[in-house]
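Please look through the sequence and the structure shown here before reading on. The report that follows takes up a few places in the chain one after another.

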Amino acid sequence: MKTKTNYIKASSYEAKKGEVQKVLLLYSGGLDTSVMLKWIQDQYKAQVVALTLDIGQQKDDLAAIAKKALTFGAVEAITLDCKEEFADDFLAKGIKANAHYQGNYHLSTPMGRAIVAKVAVEMAKKYGADAIAHGCTGKGNDQVRIEGYALTLNPKIKIIAPVREWGMDRNDEIAYAQKYGIPVPASIDFPYSVDDNMWGMTWEGGEIEDPGVISPIEKFLTTYTLAQNAPNEPELVKLTFEKGIPVALNGQAMSLATLIGKLNVIAGAHGVGVVHMVEDRLVGVKDVGVYELPAAHVIIEAHKALEKYVSTQKLNQLKDETDIKWGYLCYSAMWYDPVMQSINAFNDFVNQKVTGEVTVKLLKGKADVVAMKSPYGLAHTSFTNTDGYKFNVNASAGFIEIYSLQMKLARLAEAEAKRVNQVGK
């Protein structure tokens with residue numbers, strides 16, 4: 001079992017052994033953080049406070065996680081209910097931005113890391129911790145997000161990243177856990193790991209990481225129904241939006257966090273929101289992942305359709321461009337940068353009119369928007385008079401002549417140039 005590495009701490013914010021007395025550990029109860037709870041105590045001779053955020057995990061047993069932290073040496077195990085804050089202050093911004101990255105990955109982990117880092121800085125101050133420790137790998141995006149956000153919110157905080165330090169691979173960690181009797185959810189036969197919150201579950205490890213192998217999703221996607229096993233009959237769900245945010249599900253008003261949780265169950269029963277993707281990681285490598293995003297996918301599809309319905313063509317074009325930019329910035333650890341605040345302000349303006357009801361059909365892994373109603377809808381049949389908008393067809397011919405003028409002139413110029421060239425010969 002390897003416990004040494006040639007890792008050299010080059011940044012001033014990285015905590016050094018002997019310089020910290022109390023460490024706040026972002027504790028999920030998974031393989032990495034379960035091992036590092038003991039490893040930090042042994043290597044840094046420091047007290048460890050375990051912090052677990054409830055941001056709507058779809059499968060975790062948070063009470064069991066806290067009990068486990070105390071069993072294996074944490075001086076305190078803090079579990080904070082942050083579901084409403086996560087939904088209202090983070091996911092709401094993602095909804096208005098039609099959150100996506102390089103396809104239909106709706107950025108559950110990047111948005112989750114933004115609130116985790118924020119609360120970690122607050123709790124480190126409250127509990128007198130000298131440093132924050134996390135379980136992110138040295139080749140992943142999350143180390144950039146957690147550390148960058150923590151340093152932005154508290155430039156004096158110290159960071160410990162044991163996975164960069166200890167030189168253990170996955171099998172070494174499992175052996176370490178077995179040696180000290182630490183129960184972990186991973187094994188050599190189950191090499192998959194998941195990041196879990198209400199907006200989605202992101203899976204990696206094992207065969208998932210090989211783009212040439214079909215991921216055996218039946219082994220690890222056990223929270224919801226696989227599309228092939230979903231009902232053969234469709235189900236309609238209605239989402240009511242106010243200023244870009246869903247406020248009611250099937251006519252029942254509820255908080256955003258509650259709505260997401262209920263919609264996960266409904267859409268998950270139809271196998272909706274499973275995404276296979278090869279993504280460009282922030283650190284420069286390509287990464288294969290499988291994502292379960294039932295509620296997120298339905299909400300984004302519904303919001304995108306309603307937003308397009310109430311906005312002009314030019315606004316929709318600009319919004320498409322800024323949505324892509326927002327996705328890249330969110331993914332790339334820029335949540336607290338002024339550029340994100342600026343785009344969010346633009347999105348707030350656009351979403352002032354994203355109000356109405358959207359009906360989505362769920363069937364065998366698909367979520368299709370099939371109907372919309374909005375007082376701001378721009379379809380000609382959405383206006384109050386019985387005949388709809390009085391479109392003047394007499395204006396069409398003149399519009400066509402002017403609209404196509406440059407295209408026609410370019411063609412004529414090309415033909416004239418060819419004629420002159422042939423005459424010259």
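## Paired strands

In the hairpin formed by β13 and β14, where two residues lie between the strands, K364 takes a positive phi near 50°. Helices (H or I, at least four residues) and strands (E, at least two) are DSSP runs that are numbered from the N terminus, and two strands pair if DSSP finds at least two bridges between them. The model is a predicted one, in which local features need pLDDT of at least 70 and side-chain atom pairs count only at pLDDT 80 or more, while totals for chains, interfaces and linings use all residues. Residues are numbered from 1 along each chain as its sequence is written, and side-chain values use heavy atoms, with hydrogens and water left out.

Strand β13 (residues 356-363) is joined by seven bridges to strand β8 (residues 235-242), and these strands run antiparallel; within this pairing, L239 stands opposite V358 of β13. β13 also pairs in the antiparallel sense with strand β14 (residues 366-373), again over seven bridges, and here E357 stands opposite K373 in β14. In a regular strand the side chains alternate between the two faces of the sheet.

## Buried residues

The table gives the relative accessible area of several residues that count as buried, a term that means under 20%, with exposed over 50% and partly exposed in between (1.4 Å probe, protein chains only).

| Residue | Relative accessible area |
|---|---|
| W166 | 0% |
| C82 | 4% |
| N141 | 7% |
| C136 | 10% |

W166 lies in the loop between α6 (162-165) and α7 (170-179), and its C-alpha atom is separated by 9.5 Å from that of M36, although the two residues are 130 residues apart along the chain.

N141 has its place in the loop between β4 (131-133) and α5 (142-153). Leaving aside residues up to four places away in sequence, N141 touches E279, R281, L282, V283 and Y331, where contact means heavy atoms within 4.5 Å. With the side chain of Y331, the side chain of N141 makes a polar contact at 2.8 Å, that is, a pair of N or O atoms within 3.5 Å, of which, within protein, one must be able to donate a hydrogen and the other to accept it, and residues adjacent in sequence count only if both atoms are side-chain atoms.

## Cysteines

The structure holds zero disulfides, a disulfide being a pair of cysteine sulfur atoms within 2.5 Å. C82 is in no disulfide, and the nearest cysteine sulfur, that of C136, is 17 Å away. For C136, the closest cysteine sulfur is in C330, and the distance of 15 Å is too far for a bond.
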